Amino acid sequence: MQSINQAAAAFLANKRVAVTGVSRTPKTHGSNNVYRRLRERGYQVFAVNPNTGQVEGDWCYPDLASIPGGVDAVVIGTRPQIAKDTMRECAELGIKHVWMHRGPGTGSVSPAATSYGRAHGITVIDGGCPLMFGPTADFGHKIMRLVYAGHVPKQV
């Protein structure tokens, strides 16, 4: 096990990141906020949504396997019921860093996906948001990290 700060730093050290659940209606989805912020901070970020070919003015991929050159890390921003399927795809593709987004509510966290990922050698951060840490953080997300401390794991 490692601390959330260590796991977050290792996750954010990856510069090719996919974000699942990015929506055509960006104002209503946290995935879009994560996608935009990572892009603004210089990450090569890839939107994943099987229901559209474009989001945020960028190409959108139907699944992780369709991303040319692959990715090093994935933010899961879909319903928790879909998270285990995404985690399986990460394992099949050799992706070793996965963050299941969670703010208020259950977010994208799935205990079954967490167990599956860890059993397959994936570092799984099961809660919180990458925008609460390191080079992607802003003041608002730092406050959210305190307010939603129960939704951010201490160790992963």
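Helices here are DSSP runs of H or I with at least four residues, and strands are E runs of at least two, both numbered from the N terminus. Hi everyone, thanks for coming; let's talk about salt bridges. This is a predicted model, so local features need pLDDT of at least 70 and side-chain atom pairs count only at pLDDT 80 or more, while totals for chains, interfaces and linings use all residues. Residues are numbered from 1 along each chain as its sequence is written, and side-chain values use heavy atoms, with hydrogens and water left out.

By salt bridge I mean a side-chain nitrogen of Lys or Arg within 4 Å of a carboxyl oxygen of Asp or Glu. Searching the whole structure gives six of them.

Let's start with helix α3, residues 80-93. Arg 88 and Asp 85 sit three residues apart there, so about one helical turn separates them. Their closest N and O atoms are 2.8 Å apart, in a salt bridge. Arg 88 is partly exposed at 30% relative accessible area, and Asp 85 is too, at 49%; that label covers the range between buried, under 20%, and exposed, over 50%, with a 1.4 Å probe and protein chains only.

Now over to helix α2. Arg 36 pairs with Glu 56, at 2.6 Å between the closest N and O atoms. This links distant parts of the chain, 20 residues apart: Arg 36 in α2 (residues 30-40), Glu 56 in the loop between β3 (54-55) and β4 (58-61).

Arg 39 makes a salt bridge with Asp 58, 2.5 Å from N to O. Here helix α2 is joined to strand β4, across 19 residues.

Lastly, a network of salt bridges connects Arg 37, Glu 40 and Asp 138.
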